[in-house]
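Please look through the report below with the sequence and the 3D structure open beside it. It takes the chain one region at a time.

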Amino acid sequence: MAWQSLHISQAGHLSLKQKNLLFKTEEDEHRFALEDIACLIIDTPQLNLSATFLSRCAEEGIAVILPDKRHHPAGVLLSFHQHHAQSEIAHLQIGLSTPFKKRL
């Protein structure tokens with residue numbers, strides 16, 4: 001079960017190495033198991049990462065939060081339809097009749 005929230009506020013590079021998040025700066029290198037991360041806050045514009053990295057975060061259920069220049073949340077990347085039941089419910093809701101939708 002994920003329990004860690006990572007707040008990255010230093011310039012560096014985020015990548016994946018096996019099943020770990022790898023954060024490299026000029027001085028250090030840190031590794032975190034993806035399965036332990038619940039939330040990743042990217043609070044610096046001087047960070048390099050890839051779309052593959054973001055996709056893997058979504059697959060692992062890691063919420064990625066992007067703050068603005070005042071350090072307030074500006075955007076969030078969340079997993080989409082990770083479980084088949086979510087997709088099924090969405091399709092059922094789309095297929096509801098107009099009178100039923102209006103009653104709701």
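## A hairpin and its sheet

Strand 3 (20-24) and strand 4 (29-33) form a hairpin, with four residues between them. In this report helices (H or I, at least four residues) and strands (E, at least two) are DSSP runs, numbered from the N terminus. This is a predicted model, in which local features need pLDDT of at least 70 and side-chain atom pairs count only at pLDDT 80 or more, while totals for chains, interfaces and linings use all residues. Residues are numbered from 1 along each chain as its sequence is written, and side-chain values use heavy atoms, with hydrogens and water left out.

Asn20 stands opposite Ala33 in strand 4, and Lys24 stands opposite Glu29 in strand 4. An open sheet of four strands, with mixed pairing, has the order 4-3-2-6. Strand 4 and strand 6 (47-48) stand at the edges of this sheet and have a single partner strand each, so one side of each is left without a neighbour in the sheet.

## Loops beside the strands

Thr25 is placed in the loop between strand 3 and strand 4. Buried means under 20% relative accessible area, exposed means over 50%, and partly exposed is in between (1.4 Å probe, protein chains only). Because its relative accessibility is 15%, Thr25 counts as buried. When residues up to four places away in sequence are not counted, Thr25 touches Gln10, Ala11 and Gly12, contact meaning heavy atoms within 4.5 Å.

Gln18 is found in the loop between strand 2 (12-17) and strand 3, and this residue has a positive phi of about 55 degrees although it is not a glycine. Gln18 counts as exposed because its relative accessibility is 68%. His71, in the loop between strand 7 (63-67) and strand 8 (73-77), has a phi near 70 degrees, which is a positive value in a residue other than glycine. At 53% relative accessibility, His71 counts as exposed.

## The nonpolar core

A nonpolar core is a set of buried Ala, Val, Leu, Ile, Met, Phe, Trp, Tyr and Cys residues joined through side-chain atoms within 4.5 Å. Which residues touch the most other members of the largest nonpolar core? Of its 14 residues, they are Leu14, Leu21 and Leu40. Strand 1 (4-8), strand 3, strand 5 (37-42) and helix 1 (51-59) each supply at least two residues of this core, and strand 5 gives the most, with three residues.

Leaving aside its neighbours within four places in sequence, Leu21 is in contact with several residues, among them Leu6, Leu14, Phe32, Ile37, Leu40 and Phe53. Helix 1 lies across strand 2 and strand 3, running at about 60 degrees to strand 2; here axes are lines fitted to C-alpha atoms, for helices over the stretch in contact, and angles run from 0 to 180 degrees between N-to-C directions.

## Strand 1 and its partner

Strand 1 and strand 5 run parallel and are joined by five bridges, and the bridge partner of Ile8 in strand 5 is Ile42. Strand 1 has a covered face, made of Gln4, Leu6 and Ile8, and an uncovered face, made of Ser5 and His7.

How values were computed:
Pairing = 2+ DSSP bridges.
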